Amino acid sequence: MANDPSSPVKLNVEFRTIKGHKFTKDGTKQALLNLTQDQGGNYIFEFENFPDRNVCKDFVASAIALSGEAGRTVPEKSAVPIQDEQLSAAEMERRIKLLQEDSDLQKLHKQFVIGGILSEAEFWATRKKLLEQNYSRRPKQRVALKNDMWSTKPLADGQSNRVTFNLTPEIILQIFAEKPAVRQAYLNFVPNKMTEKEFWTKYSRAEYLHSTKNVIAAAAEAAEDEELAVFLKQDDMLVNEARKKIRQVDPTLDMEADEGDDYMHLPIQDHGLPRNDNKDVLDSQYEPYRRSFSQHLNQHAAVVLQGRVIDVELGDTRSVAEALARTKHAELAKDASDVYLDKERLERISRMTEIEDLQAPRDPAVAPLSIKDPRDYFDSQQANAFSTLGDTVSGAKQLKCSVSTREAYCSLKECISEIKFQGLTEPTINSEVAFKVLNGLAQNISSNKYHLGRNPNESILDSLPKITREELLLHWSSIQELLKHFWSSYPITTKYLLTKATKLKDAMSQIYPKLQEIKESVQSDLRHQVSLLVQPMLQALDAAFAHYDADVQNRSARSGERPNGF
Amino acid sequence: MSPPVPSKILTDDVSLLMVLIDTNPHFWSSIKPHFSFSKFLSHVLAFLNSILLLNQLNQVVVLATGINSCGYVFDSSSGSVSQRAESLLPKLEEFAENDESLSERDDDSGNGVGSSLLSGSLSMALCYIQRVFRSGPLHPQPRILCLHGSPDGPGQYVAIMNSIFSAQRSMVPIDSCVIGIQHSAFLQQASYITGGVYLKPQQLDGLFQYLATVFATDLHSRNFLRLPKPVGVDFRASCFCHKNTIDMGFICSVCLSIFCKHQKKCSTCGSTFGQAKTLDPSASQQR
């Protein structure tokens, strides 16, 4: 629509609907600003000049940004995350899994959320702990370093004299971790002296030489090529590290560790392992070029067990090297500054190597134990037991024995001998007494039948028919859920809470008559028990209703004074 | 022990009954006017003989619970022929002699009735039962019957509870027949936990009838019978400060002592408590 200043129609578009803006470059024929709506339409504005257009453009940009945010924050401000909740896929999955595992939870969910009484968010708000538990159960495992040592047996091409080595970033990481001298060399040489490819070629050559175990050739090549020498010689940095580690061993914990465990400084004879091949005594000039397999293995094992110390992407070799160097430096610095730790260690050593017999007696470093007399506790328990059994008379009566022990034993023995000589009385028991006893027992048992189940461990719920039991339990859990939400929405401050409370109250008033029905449907002999069970549920509901009614009354009384409600 | 029994004969109503008789002389002399030990013995002996008559393979073992010692006084399976219960009398006399010799001179007279060593005899009964369990897959079903009258000794509480739990684990019911004046809290708990019967006869001269009606049935038949049981066992705790029975209270997290009111310091272990959290009234839930 062309610009017609005389047209009476004014364009009024809310910024909320404008999603984006486009503009022509400065210096082109026309200064245009194109505002696109999310429904697809767009408005094109033509300006007189570019500066004006640019001012408008900036304004429009900020306005769009603002309205975008505002659109998102409005629902949050009402303090209610209703249907706009952005759930991630993981969260949805967790919830579904939880519902699948727990059928009671599923029933509640179906009843309330799908029934429209509670919203999803409210339902799950109180169950965050369950969701978290589920989530954290999944172990977060990281892949550790590979344990296989980089094979020094390269792929040798049978036909030509070429030997190929394969280097992946993973392998490079391991090389840097195991051989600090190589890492240092990398940082020094690349990219100043040689390219990465050259570096690795040299390194591979060194490895090849080592694999042939030809020490003399190694020495010869090292003499020619300075850089190669670095790879062939012993790793000094490693040596220092090992030494430091030994010094840090706490003798109070590991008495055996000593200088002998320093595997880098031992002579190359693999200790204990039989050396079956050449015991050729080489010139001392060749010593540095030997490499011991056991040393290599130890170092490799130490690195693997340490795991991944850095989190850098493996692509860039240089950054990996630097990161490793940084970690090592940090460790060094920490150790150097840990004088306090050293002092503490010395103190502990001196304390633990004390000979106890030669020490002066020391005050016990513990507070004396004060244990109460168990009789206090027991006496009260006894009183309980008696009161339950209805033994009011003799509970307090103490049996008095005014006879000395000897006499007591005498009478006991007399009784025994009496029977021995006289035999059992005939009849054993008087028939009237027996009859009375039998009657009394029968009466006792029959009167108890209606109070309890077959054995005292059984509860009343088990004696109900299954359907009733399930219903009762379901009602109980639903009432609990409803009451929880109901009471948490008081005091009512917003309209949302008011509607929520009303909804909950309606749901509760629906359950109320169901409970009454259950009470009536049960058999007559169980009715008393069931009504005892149902009573607290009804009481809780009544309390909630009373509170609701009182609140409604209050509110209507208050709003009577203020015509515009709250 | 008796020779192994072919499985055809060992039906499921064969029982091994361990009877623990209270021979506390102080108790028996204090109860003398109402009920004498000799009458008691005659009822019990008749009962034991009738148990042995119920089934050819039934076994009865009697332990005497004294105040200084406990001992076996009768084992129906010892000897080649099943013996009558009267043969326990000489052994019982011997036991009483022994028990007397163990007691200290110049004992407390008029000091009230002491307690007998129930924990000891319970343990001995359980050991015998364990031996029977290990004798092979075919054995009678064991149960324990306590004929007890002495008051409960608080010092034996832990030992008795341990025996009770051990009996529960081995699924051995402990029946109790309390002949004393007072109820026994220990035996009440024992019978409740192990699934046995607790009874305090109202008429002691009808003791045989009580024993025959209630305690003679084997474990298998008990599934079809209704036996008397107390109305309920009170397991409620009592607070340590006032000895009142309470349903809800405060518990020290260090030593588990129970108090009815909030306290600053635990009186048993001395640990200090932190501030109690006040409940948010809007979030309180009514039960």
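Two strands pair if DSSP finds at least two bridges between them, and strands here are DSSP runs of E of at least two residues, just as helices are runs of H or I of at least four, numbered from the N terminus. Good morning, everyone; with that in hand, let's look at chain B.

A quick word on the basis: this is a predicted model, where local features need pLDDT of at least 70, side-chain atom pairs count only at pLDDT 80 or more, and totals for chains, interfaces and linings use all residues. Residues are numbered from 1 along each chain as its sequence is written, chains are lettered from A and ligands numbered from 1 in the order in which they are written, and side-chain values use heavy atoms, with hydrogens and water left out.

Chain B holds 7 helices and 10 strands. Of its 287 residues, 53% are buried, where buried means under 20% relative accessible area, exposed means over 50%, and partly exposed is in between, with a 1.4 Å probe and protein chains only. Taking a contact as heavy atoms within 4.5 Å, residues 24 or more positions apart account for 63% of the chain B contacts with a separation of 6 or more.

Now the sheet. In chain B, 6 strands make an open, mixed sheet in the order E3-E2-E1-E4-E5-E6. At the edges sit E3 and E6 (198-199), each pairing on one side only. Further in, E1 (residues 15-22) and E4 (residues 141-148) of chain B run in the parallel sense, with 7 bridges. Facing B:Ile144 of E4(B) you will find B:Met18.

On to the rings. Rings of Phe, Tyr and Trp (its six-membered ring) pair if their centres lie within 6.5 Å, and planes under 30 degrees apart count as stacked, over 60 as edge-to-face, and the rest as tilted. Over all chains, the search finds 10 aromatic pairs. One of them joins B:Trp28 and B:Phe35, tilted, at 6.4 Å centre to centre and 45 degrees between the planes. Both B:Trp28 and B:Phe35 are buried. These two also belong to a cluster that ring pairs build with B:Phe27, B:Phe37 and B:Phe40.

Why does the pair of B:Tyr72 and B:Tyr128 count as tilted? Because the planes stand at 50 degrees, with the centres 5.9 Å apart. This pair links distant parts of the chain, 56 residues apart: B:Tyr72 is in strand E3 (residues 70-75) and B:Tyr128 in helix H4 (residues 118-133) of chain B. B:Tyr72 is partly exposed at 38%, whereas B:Tyr128 is buried at 4%.

Last stop: helix H6 (residues 185-194) of chain B is largely enclosed by the rest of the structure, because 9 of its 10 residues are buried. Among them are B:Phe186, B:Leu187 and B:Ile193. Just after H6(B), B:Gly195 has a positive phi of about 85 degrees. B:Met171 also has a positive phi, about 60 degrees, although it is not a glycine.
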